[in-house]
Amino acid sequence: MRAEVTQGGRKMVGRGEFRGLPPGPRMPSAMQAIGWSMRPLAFLERCGRDFGHTFTLRVRHDRPWVVLTEPEDVKRVFTADADAVTASAVEASPALGPLLGPRSVMLLDEPEHMTHRKLMLRSFHGERLAGYGDMVVAVTRDEISRWPMNEQLALWPRMQAISSEVLLRSVFGDTQTEHMARLRERLSRLTAWLNDSRRLALTTVVGPRWLSHNAGFRAVMAPVEADVLAEVRRRRATPGAQDSENVLAMLERAHAWSGSPLSEPQLRDELITLLSDGPTSTSLAWAFERLLRHPDKLARVQREVLTGQDDAYAEAVVKETLRLCPVVPLIMRKLLAPMQLGGCTIPAGATAAPCPYLIHRREDIYPNARAFVPERFLGAPAPAYAWIPFGGGVRRCLAASFAQLTIKRVIQTVLSELDVRPAGASRSAGTTRSSGATRSSVAFLPGDQALAIVTRRTGHDDPQWPGTGTAPRLAA
């Protein structure tokens, strides 16, 4: 392999392995790739036990991953200048490249990334963000009106339906059209295709080139691309559409004002990035999975909803869910210059990988770290650079606030109208052990898909306890 290092102010490129890295498993790269592909979370935990807070993985032949779980090292990576690190999201999630495209804000390097990020941020912050809450409530109510009562159902697919519709409405506004119905169905087909376990494993081991050239992937991806761009053209041709407050119109206006109107290929990548759900729906599934296994926590958050209290406990549930079940286990940054991490000088060309999954399980940072304890976030901020489910620094997920708002509002709306009790593996009250995690295309979901039984709430005399009282008024 070729590794670029800096010596005496000059860039030197040499052959051979990166040297002087933190310890790590000695098994061949191919075996590490299989371990990462088949059981990535268990693989990380075993390496953490064997090698400590900083270790090196060689999952890819050409670039080692230096896994970081020390907050100071994480801070150093997240706050580094753009000429010292660059994004490398495709390293850990090879499906992202073919799915999102090279012009996605997630995959752009500096300075293009920051330019596009600033133009997109206004769609997900301030008053605009607050307005999304009403829409999330309305979407959730519409979806749960179709749920079967008093029978076992998996919540994850239903969280996918809610999250997908929230994204469609935020991007396009009106979704009650034939064109939107077709796009909705094709997005669902694409997501199902990507989530096939065999394809996920093959993409992880072989890399994105396999997916890019796969005929099956193109067969499900191309119709989505065509429908997205056809919708853009329809709206561009509709008088007044450019004055709307949906994300598409705001994004196009922002780029037009900046003097850099978006081309169709650029719009394709940005809109697919916005519409390709996975993280929010899986986080929602994990929130309900954890609450179902902790009846006291479920009762407390539902009581908060039903009595119209503030939403402090619901927010704590969201934060604790994202701590225990972060969207991605590793956040990848390619080093463009040597950096001191974990007591070693990591050379340019290596990948620095802050690890939310292991950081969030450190007992010295989070006592009783493996337990679901939302109370740890009541009245206390998340520790700096030790709660990083959305990454950090200038590349922190720009829709992080939107995702947290969506998760909270969905939980509140479901619990205001339904009583939810465990089913399947989590049927026994107090069974706190997780159902285990299964890989999806961009995240990890509960192994049992959050099985539950739901019933409609009915009016009773005492509104203080779940299962009684009438549903409170929520914004709609």
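Which residues in helix 7 meet which residues in helix 8? I started my notebook with that one. From helix 7 I wrote down Q160, E165, L168 and F172, and across from them in helix 8 I found M180, L183, R184, L187 and T191. A reminder to myself: this is a predicted model.

**Entry 1: helix 7 and helix 8**

I sorted that contact by class and got 5 nonpolar, 2 polar and 2 charged residues. Then I looked up the geometry. Helix 7 covers residues 155–172, and its axis comes within 11 Å of the axis of helix 8, with a crossing of roughly 130 degrees. That makes helix 7 oblique to helix 8. For handedness, I noted that helix 7 passes helix 8 in a right-handed crossing.

**Entry 2: helix 8 and helix 11**

Next I followed helix 8 to another partner. Helix 8 spans residues 178–194 and helix 11 spans residues 215–236; their axes come within 9 Å and cross at roughly 150 degrees. Angles over 145 degrees count as roughly antiparallel, so helix 8 and helix 11 are roughly antiparallel to each other. The crossing of this pair is left-handed.

Who makes the contact here? On the helix 8 side I listed H179, M180, R182, L183, R186, L187, R189, L190, W193 and L194. On the helix 11 side I listed G216, F217, V220, M221, P223, V224, D227, V228, E231 and R234. By class, that contact has 12 nonpolar, 2 polar and 6 charged residues.

**Entry 3: helix 15 and helix 18**

How far apart are the axes of helix 15 and helix 18, and at what angle do they pack? I got 9 Å and about 85 degrees, with helix 15 running over residues 295–306. That makes helix 15 roughly perpendicular to helix 18. The contact uses L298, V301, Q302, V305 and L306 of helix 15, plus Q412, L415 and S416 of helix 18. By class, I noted 5 nonpolar, 3 polar and no charged residues.

**Entry 4: helix 1**

I then checked helix 1, residues 29–38, for burial. Its buried residues are S29, Q32, A33, G35, W36 and S37. What do they pack against? My list has helix 2 (40–51), strand 3 (54–60), strand 4 (63–68), helix 9 (197–206) and strand 12 (437–439).

**Entry 5: one glycine**

I picked G391, which is found in the loop between helix 17 (356–359) and helix 18 (400–417). Is G391 buried or exposed? Its relative accessibility is 11%, so G391 counts as buried; the cut-off for buried is under 20%. Leaving out residues up to four places away in sequence, G391 touches F78, I331 and R396. I also looked up M332: G391 and M332 are 59 residues apart in sequence, yet their C-alpha atoms are 9.4 Å apart in space.

**Entry 6: the whole protein**

Last, I zoomed out. I noted 18 helices and 14 strands. The protein has 476 residues, and 55% of them count as buried. Taking contacts between residues at least 6 apart in sequence, 72% join residues at least 24 apart. The accessible surface comes to about 20300 Å², and carbon and sulfur atoms account for 52% of that surface.

Definitions and conventions: Residues are numbered from 1 along each chain as its sequence is written. This is a predicted model: local features need pLDDT of at least 70, side-chain atom pairs count only at pLDDT 80 or more; totals for chains, interfaces and linings use all residues. Side-chain values use heavy atoms; hydrogens and water are left out. Axes are lines fitted to C-alpha atoms, for helices over the stretch in contact, and angles run from 0 to 180 degrees between N-to-C directions. Helices (H or I, at least four residues) and strands (E, at least two) are DSSP runs, numbered from the N terminus. Angles under 35 degrees count as roughly parallel, over 145 as roughly antiparallel, 65 to 115 as roughly perpendicular and the rest as oblique. A crossing is left-handed if the near helix is turned anticlockwise from the far one by less than a right angle, and right-handed if clockwise. Contact means heavy atoms within 4.5 Å. Ala, Val, Leu, Ile, Met, Phe, Trp, Tyr, Cys and Pro count as nonpolar, Asp, Glu, Lys and Arg as charged, and the others, Gly among them, as polar. Buried means under 20% relative accessible area, exposed over 50%, partly exposed in between (1.4 Å probe, protein chains only). Accessible areas come from the Shrake-Rupley method with a 1.4 Å probe; for residues, only the protein chains shown count as cover.
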